[in-house]
Every structure is written in structure tokens, then in C-alpha cells.
Amino acid sequence: MEWNTYERFPPLVLMLGGREKYRVLRTLRDAAEVLITDWPSEDGEEYVVAVKACVDAISGHIDVGELQDAIRRAAAEAGIAILTVVH
């Protein structure tokens, strides 16, 4: 899987608050950036699972659907609302 691939990565919108009220995740790079730089808490179990899933998706060991599921669980754990974009 390529780092900036748009195919097969249905966008997710995370409602984070702060300077940027929301972030749209369209690529693996977007997911990595939000998990590393914008996530409000780094001590949740689901957050750690999502970071590992992101590394695994970048390495091609899991598909982006599994990564998105991990991000959804981490967001629920952190109290972050998610909007799923429908094309």
C-alpha cells in the first residue's frame, strides 16, 4: 500500500476541536498524522491499537478497512465524533 493512496480509503471526518475543528482522513498519511500529532490522548488502549494498525496498513500487513475500524474504536474511547462520508 502506498503512503498517499486515495483508492480504497473511504474518507472519515474526525471532529477533534481545538485549532482545527475537524480532520478529514483520506489517506494513510492523513491517518498517521492525526494519530501522531492531533490525537487528544495517547494513553488509551484503543489508541495504541490504532497506531499499530496504521503502521501495519502502511506496511501492507492489513487493509485500510481494519485500520479504519481501529480508528473508530480509538475515537470512541477518546470521545471523538466521526462522520463517515458517503459518495
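Which residues have the most contacts inside the largest nonpolar core? The legends below begin with the whole chain and then take up this point.

**View 1. Overall fold of the predicted model.** The model shown is a predicted one. The chain contains three helices and three strands, arranged along the sequence in the pattern β-β-α-α-α-β. Of its 87 residues, 37% are buried. Among contacts between residues at least 6 apart in sequence, 50% join residues at least 24 apart. The accessible surface amounts to about 5,300 Å², and 52% of this area belongs to carbon and sulfur atoms.

**View 2. The largest nonpolar core.** This core has 23 residues. Phe9, Leu14, Leu25, Leu35, Trp39, Leu67 and Ile71 are those with the most contacts inside it. At least two residues of the core are supplied by each of S1, H1, H2 and H3. The largest share, six residues, comes from H3.

**View 3. The surroundings of Leu14.** Leu14 is one of the core residues with the most contacts inside the core. Residues up to four places away in sequence being set aside, Leu14 touches Lys21, Tyr22, Arg23, Leu25, Val34, Trp39, Ile71, Ile80, Ala81 and Ile82. Among these partners, Leu25, Trp39 and Ile71 also belong to the core residues with the most contacts.

**View 4. Helix H3 and its buried face.** Helix H3 comprises the 15 residues 64–78. The buried residues of H3 are Val64, Leu67, Gln68, Ala70, Ile71, Ala74 and Ala75. Seen down the helix axis, the buried residues of H3 fall within an arc of 160°, so they line one face of the helix. An α-helix has 3.6 residues a turn, so residues three or four places apart point the same way. The cover over the buried residues of H3 includes strands S1 (12–15), S2 (22–25) and S3 (81–84), together with helices H1 (28–38) and H2 (45–59).

**View 5. Asp56 in helix H2.** Asp56 lies in H2. Its relative accessibility is 19%, and Asp56 therefore counts as buried, the cut-off being under 20%. Apart from neighbours within four places in sequence, Asp56 is in contact with His61 and Ile62.

Terms used. Residues are numbered from 1 along each chain as its sequence is written. This is a predicted model: local features need pLDDT of at least 70, side-chain atom pairs count only at pLDDT 80 or more; totals for chains, interfaces and linings use all residues. Side-chain values use heavy atoms; hydrogens and water are left out. Helices (H or I, at least four residues) and strands (E, at least two) are DSSP runs, numbered from the N terminus. The expected span of a helix is 1.5 Å times one less than its number of residues. Buried means under 20% relative accessible area, exposed over 50%, partly exposed in between (1.4 Å probe, protein chains only). The arc is that of the directions from the helix axis to the C-beta atoms. Contact means heavy atoms within 4.5 Å. Accessible areas come from the Shrake-Rupley method with a 1.4 Å probe; for residues, only the protein chains shown count as cover. A nonpolar core is a set of buried Ala, Val, Leu, Ile, Met, Phe, Trp, Tyr and Cys residues joined through side-chain atoms within 4.5 Å.
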